[in-house]
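Please look through the structure below with its helices, strands and nonpolar cores in mind. The paragraphs after it go through some of these parts in turn.

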Amino acid sequence: MKDWFKKHFSKNQDKKNWETSLRKSADFKKNYYINQKNGMKFCFVFMTSLVDEQIIQQNALPSLLEDKFNTVQDIKEIVPVADIEISDDFSQIEQKLFNGYVMVMTERQPDCFAFIAAQKEIVRSLTQPEIEFSVIGPKEAFVESLGQNLNLIRKRLPIKELICEEVTLGSMSKTRVAILYVDGLTNVDNVNTVRQRLQDVEMDVIVDSSYIVQLIADNSNSPFPQMLDTERPDRVAAILGEGKIAIIVDGSPHVLITPTTLVEFFSAFEDYFLNWVLASFFRLVRVFAVLFSILATPVYVAALTYHHELIPKDLLATLVTSRREIPLPPVLEALFLELTIELLREAGARLPTKVGQTIGIVGGIVIGTASVEAGITSNVLLIIVALAALASFTTPVYKIGNTIRILRFPFILLASIWGLVGVVFTFCFLLTHLLRLTSLGRPFLEPLFPPRARDFKDAVIRLHFSKLTTRPGFLMTEKPIRFSKNKAKQIKDIDE
């Protein structure tokens, strides 16, 4: 029987090439069988690393051995597997085999074959969110499986309007990417823009959603992330209801949200599980913490270098005492401590969890104490840098935290050159950049600029749910009203 198959495919070199290249791989397998009813000769071709062989042994093989079939088309009728495709296109063979399909070839129809779905699903179990962890609310996080992630979203939005479009990116990786949006709600122009940008992507290997961010972002040279990535299914379900778009990449546990604004990077989804007063307070704390983290050290350098008169006399005496034996100028002193903090962060992130925590705590204490006793840095600046580093951890989104870490350095350098004028100049440059920045063509600073009063209800502060009756204006959704304002205010009690 093997000789017959070899003889047939040797007649056509194009048909033979696919098998010649695949046989170089150790996980390529080709098994031959004979039907017990009519003597039909057939074979299975598959990749053992991608196929669950139990599906073959339990579902496909018994039916093909014991049930009579005369054509390839009959396989769909006798094999109890839902996903079976019949094709005569030899160009599809490699794609199907590497997607976990089993190809069935018969003696009587050598130019037609069936593909039986038998993918081996290796998926880790659901875990709690690690970056966006919340005490209150759901405890499910996305995993690396596209199908599992779609399941987590669809069970929260069980509506037919939730559309999932799929594209394949990467000439080598063949990565599946899904676009999710609510039909009849999401702005059509936004959907078309995302679809076009993904289709225009030219890349050989895409292994994570971070690749997509860099490839389709409005400004890939900006340190600010223009797409919000999240590991929480509940957050994705909520933003889809607002009229935004979600992008899911197979193999990535993070889902991209677009378009987005700067203020969203400082709001945790846990805010919606708290009273609106508490949620608004925590958001204001985060905004203050970010400003303090960026400006505290530059203001210290500027004040000690050029603006002694701005420092109160009592505080000036303390600063003079702490810097009396420091040989370095304030800028070098600040850069030394800032770089030390960055080294401790990187070391803690790259080492195993328990070792990283120990290195961070012990290293910070030892280096900080030793640098003060050695007269390299002042204890006042050590406190300021430590507080600034602590404040930067208040951001609920990891990527914006990295941006804040970088922004401090240009502020410090220009503060050492021009004092507070340098701080103001750097701030104006940063503000100009943010004003020009867009996310999917939408203003990144909305609702601050252009100012939209109705969007302030869920920006720096969050009002009561009864006030959030409209969707964000910059999304230009087809249904801007979320629910009735009058009905939301009514509280009905049971009549006694």
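What follows goes from a pair of helices to the nonpolar cores and then to a group of strands.

This is a predicted model, in which local features need pLDDT of at least 70 and side-chain atom pairs count only at pLDDT 80 or more, while totals for chains, interfaces and linings use all residues. Residues are numbered from 1 along each chain as its sequence is written, and side-chain values use heavy atoms, with hydrogens and water left out.

Helices and strands are DSSP runs numbered from the N terminus (H or I over at least four residues for helices, E over at least two for strands). Two packed helices are described by the angle between their axes and the distance between the axes. Here the axes of α12 (residues 330-350) and α15 (residues 398-418) come within 10 Å and cross at roughly 170 degrees, where axes are lines fitted to C-alpha atoms, for helices over the stretch in contact, and angles run from 0 to 180 degrees between N-to-C directions. The two helices α12 and α15 are therefore roughly antiparallel to each other, a term used for angles over 145 degrees.

R405 lies in helix α15 and is buried, with a relative accessible area of 14%; buried means under 20% relative accessible area, with a 1.4 Å probe and protein chains only. Not counting residues up to four places away in sequence, R405 touches E342, R345 and E346, contact meaning heavy atoms within 4.5 Å.

In soluble globular proteins, nonpolar side chains tend to be buried together. A nonpolar core is a set of buried Ala, Val, Leu, Ile, Met, Phe, Trp, Tyr and Cys residues joined through side-chain atoms within 4.5 Å, and the largest one has 39 residues, with I153, L180, F224, L240, I248, L262 and L434 having the most contacts inside it. Among the elements that give two or more residues to this core are β7 (175-182), β9 (245-249) and β10 (255-258), while α15 gives the most, with 5 residues. Apart from this core lies another, of 24 residues, among them F42, I78, V102 and C112.

Strand β10 pairs in the antiparallel sense over 3 bridges with β9, and also over 3 bridges in the antiparallel sense with β8 (residues 228-230); strands pair if DSSP finds at least two bridges between them. I257 of β10 is the bridge partner of L228 and of A246. V255 and I257 point one way from β10 and L256 and T258 the other way, and all are buried.

How values were computed: Angles under 35 degrees count as roughly parallel, over 145 as roughly antiparallel, 65 to 115 as roughly perpendicular and the rest as oblique. Buried means under 20% relative accessible area, exposed over 50%, partly exposed in between (1.4 Å probe, protein chains only).
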